[in-house]
Every structure is written in C-alpha cells, then in structure tokens.
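Subject: The structure we talked about

Hi there,

Here is the structure I promised to pass on to you. Have a look around first, and then read on for what turned up in it.

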Amino acid sequence: MNFRPVGTQDRVATLDILRGFSLLGILLVNMFGFYLPMPHITGIEDWFTAAQDIILQQLLDIYVQSSFYPLFSMLFGYGLAMQFLKAKASGTNFYKFAPKRLVILFSIGMIHAFLIWWGDILATYAFCGVFLLALIRLPAKWLLFTAIIVNGLYHSALLGLYALGGIFNQPMEVLSVDITAVQNAITAYGVGTWMDAFVQRLDDLAIQMSPFMLISSLFTILPYMLIGAALAKWKLIERAREKLITWVVLAVVGLGVGIYLKSLPIASARTYGYEYLQVFVGGPILAVGYIAVIVLICLLPIAVKVLAPIAKAGRMSMTLYIMQSIVCTTLFYHWGFGLFGQVDVQMGIYIAIALFIVQILFAELWFAKFKQGPLEALIKRLTYGKILSEK
C-alpha cells in the first residue's frame, strides 16, 4: 500500500486551531526575547519598574508563560503519533521517513538559530523527537507512564535540591546580573550591524543550546511529547464528543488548578516553592486546560467555521513561526528599525497581537492559491522526495 502524508481531507480542524492558538501564545512569550537581552537577565520580573509593565508582565506570567511550550510539545507528539499510526495502517515503515523529517527540522532550526534569532526551539524539538521515535511504538498507557516517570525524575531532583538547601519556603533572592553581558547584548542588537548581532547571537546561542539545556529538554519537553503521542493513540481529540466528560473535567481542573498555582508567587509571596509550582506544575496543568477548552469549543460546528482562519494559520505554523522571528528581529535590531530595549510590555503585546492578525490574513491569502505553507511544502518535498498532490 502507498503511504501518503496527511492531506487536507485528513486534517483534524481542532489540531490546526490549537496550533494557531499556540502561535500567539509563543509569540507573546518570545517577544521579551526579541527586544530584551533575555539570556543575560536573571529574572524578567526584576527588569521592569513601571507599574503598568509590572502588572502586564505578571498577567503574562500567569496566563501565558510556561504554558505554551508544554502545549506545543504535546501537539508535536500528537502529530508525530498520527503519522506513525497512519504509516502502520498503510503497511509503510514509519522509520523510512520519520528520522529524515527530524533531520530536516533540526537543520531548519539551526539555520534559524544562527542566522535569525538565538531563541530557536525547533532544533530542540528535533533532538527530543529522536527519543520520541524510539518510544513511539509503545502502547498509549506506557507512553503516558514513561512521561510521568521521566518528568517525575526531574521534579524529584529539583525538589531534592530545594530540600537540601532548605529554600522551598524562602523568598526568592534577586540574583546578580552580568552587567557587561547585558550591555554587550544591548549594544550588539540595539546599535550594532547585522554582523555584530550575529556574533552576539552566537554567545546567546551557547546559553540557549548548551549541553545542560539539551539534557534538561529530555525531562521538560520530551515528557509532554510522550503525553501528546499517548493522547493521539487514544484518539482523544478525534473522539472528543464521545469523551465529553473527560474533556470537561480536564478543562475545569486545568484552568482552575493551573491559574491558581500560577498566581501563587504574585498573589502570595515570591518564594522558591511558589516559583517552582508556577513554572513546573501550574504551567503544564494550565496548558492541558487550554487544550481542553479549545477541544470543547470545537465541538460546535459554528465554532470551527468561525475559527477557520486560525486553523489556516495552524496549518502553516512552521512558516509563521520563522516569520515571527524575521519580522521581530527586523523591528527591534539596529539593522532594521532599531527598537531593541525601547519597547515596554504593553507595546510588546500590541506588536504580538498585530503581527498574529497579519499572519492570519497572510495564511488566508496563501491558502487561496496553495495547499501548504512554503516551509511545510519544502519539508514535505525533502522528506518524501517529491510533491504529492493532496486528495
């Protein structure tokens, strides 16, 4: 039997809407990295002093920060598992093309990281994807169990360090900042040439893609990919109407518990323990809540139609992700409009929303003539050797 990648008729609208929704969340988070020297700031909450900036940054901390990388990681795992299941059903060897796709993804990520923006996540996803490929043949319950064990090891190690240091209930300390590193980044990106920015980007990339960060991703990103793969094998999104009670419970618990935990450092005290609960527990729980809410909304046929523009953006999420970096570095770096370090939180939010709206319009225009985004078509061509018409 011939294997074909997912075509237009095979797509699950809810997944595309989730991807589109994630693009906005990721952009809101990444915006700080575009206009601030983020790799050299020990705590972004200590960077802003104006009351409005502090309030808006806290709101982003609660509703956006640390919730969208688990969400997108689960979507990545869900999509890869769907490809695995489809290949299995067609009698095709999944491992003939899946590793190649990850190599291509890694290559695009490295080009993105070296030439456009240091904050790339694609290469890290490809790195974790290798381990996902090794485990994806496991039954859904074992994928979920493995995710819990792997992520649990990370939590155990972190909580063990807190216990040894007796700092779980201690107030967070304001860590010292390498002023020279911060100034170098501001100079390179804010007033430097493209080459100055490139040299600085190499320094920032050494932090973003350090061996420690890559190893950490196996405990913080891979588990969510495994959870997404398990959900795909259970077809929980495709069977959402059948699993209505499950999704309602996930929505209520995810939103309620997630927002509560993520609010603790702001509503109570900024202790090491509350920061841990906000980032490592509340963030992923809220991500599940977001997924559940969107799945439930998409059970309404009218909602799918209304959200179709966001779904189209989700269909070309790779292209739009790279586009966000190109547009934002052009806006903020000196070789473009030179706004680096001159934007407050409110303006950053406005820029992110405006860019996302433009991207939705771009996706509408693009899909009026083409069936795939440009990068998506390129990856498909390189993976399968030829452009396959979609039925």
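Predicted model: local features only at pLDDT ≥ 70, side-chain atom pairs only at ≥ 80, totals over all residues.

Let's begin with Ser-263, which sits in helix α11, residues 244-267. Its relative accessibility is 17%, so Ser-263 counts as buried. Where does a polar atom of its side chain find the backbone oxygen of Ile-259? The two lie 2.6 Å apart. If you leave aside the neighbours within four places in sequence, Ser-263 is in contact with Ile-62 and Ser-268.

You will find Ile-379 in helix α17, which covers residues 374-384. Neighbours within four places aside, Ile-379 is in contact with Arg-101, Ile-104, Ile-108 and Met-318. Take Ile-108 from that list: Ile-379 and Ile-108 are 271 residues apart in sequence, and their C-alpha atoms are 9.4 Å apart in space.

Next, a pair of helices. Helix α6 (residues 140-165) and helix α12 (residues 272-297) have axes that come within 12 Å and cross at roughly 170°. Angles over 145 degrees count as roughly antiparallel, so α6 is roughly antiparallel to α12. Which residues meet there? From α6 come Tyr-154, His-155, Leu-158, Leu-159 and Tyr-162, and from α12 come Tyr-272, Tyr-276, Phe-280 and Val-281. The residues of this contact divide into eight nonpolar, one polar and no charged.

Now for the nonpolar cores. The largest has 101 residues, and Met-31, Tyr-35, Phe-94 and Phe-332 are those with the most contacts inside it. Helix α3 (residues 68-90) gives the most to this core, with 12 residues. A second, separate core has seven residues, among them Leu-158, Leu-264, Tyr-272 and Leu-277.

Not counting residues up to four places away in sequence, Tyr-35 touches Phe-48, Phe-332, Phe-340, Gly-341, Val-343, Asp-344, Val-345 and Gly-348. Phe-332, one of these partners, is also on the list of residues with the most contacts inside the largest core.

Finally, some loops. Ser-66 is in the loop between α2 (51-63) and α3, and with a relative accessibility of 8% Ser-66 counts as buried. Lys-235 has a positive phi too, of about 55°, and is not a glycine. The place of Lys-235 is the loop between α10 (222-234) and α11. Is Lys-235 buried or partly exposed? With a relative accessible area of 39%, Lys-235 is partly exposed.

Gly-43 belongs to the loop between α1 (13-35) and α2. Its relative accessibility is 8%, so Gly-43 counts as buried. In sequence, Gly-43 and Ser-176 are 133 residues apart, while from C-alpha to C-alpha they are 9.8 Å apart in space.

Enjoy exploring, and write back with any questions!

Best wishes

Note on methods
Residues numbered from 1 in each chain as written. Heavy atoms only, no water. Helix = DSSP H or I, 4+ residues; strand = E, 2+ residues; numbered from the N terminus. Buried < 20%, exposed > 50% of the residue type's maximum accessible area, 1.4 Å probe, protein only. Polar contact = N/O pair within 3.5 Å; in protein donor to acceptor, adjacent residues only side chain to side chain. Contact = heavy atoms within 4.5 Å. Axes fitted to C-alpha atoms, helices over the stretch in contact; angles between N-to-C directions. Parallel < 35°, antiparallel > 145°, perpendicular 65-115°, else oblique. Nonpolar A, V, L, I, M, F, W, Y, C, P; charged D, E, K, R; others polar. Core = buried A, V, L, I, M, F, W, Y, C linked by side-chain atoms within 4.5 Å.
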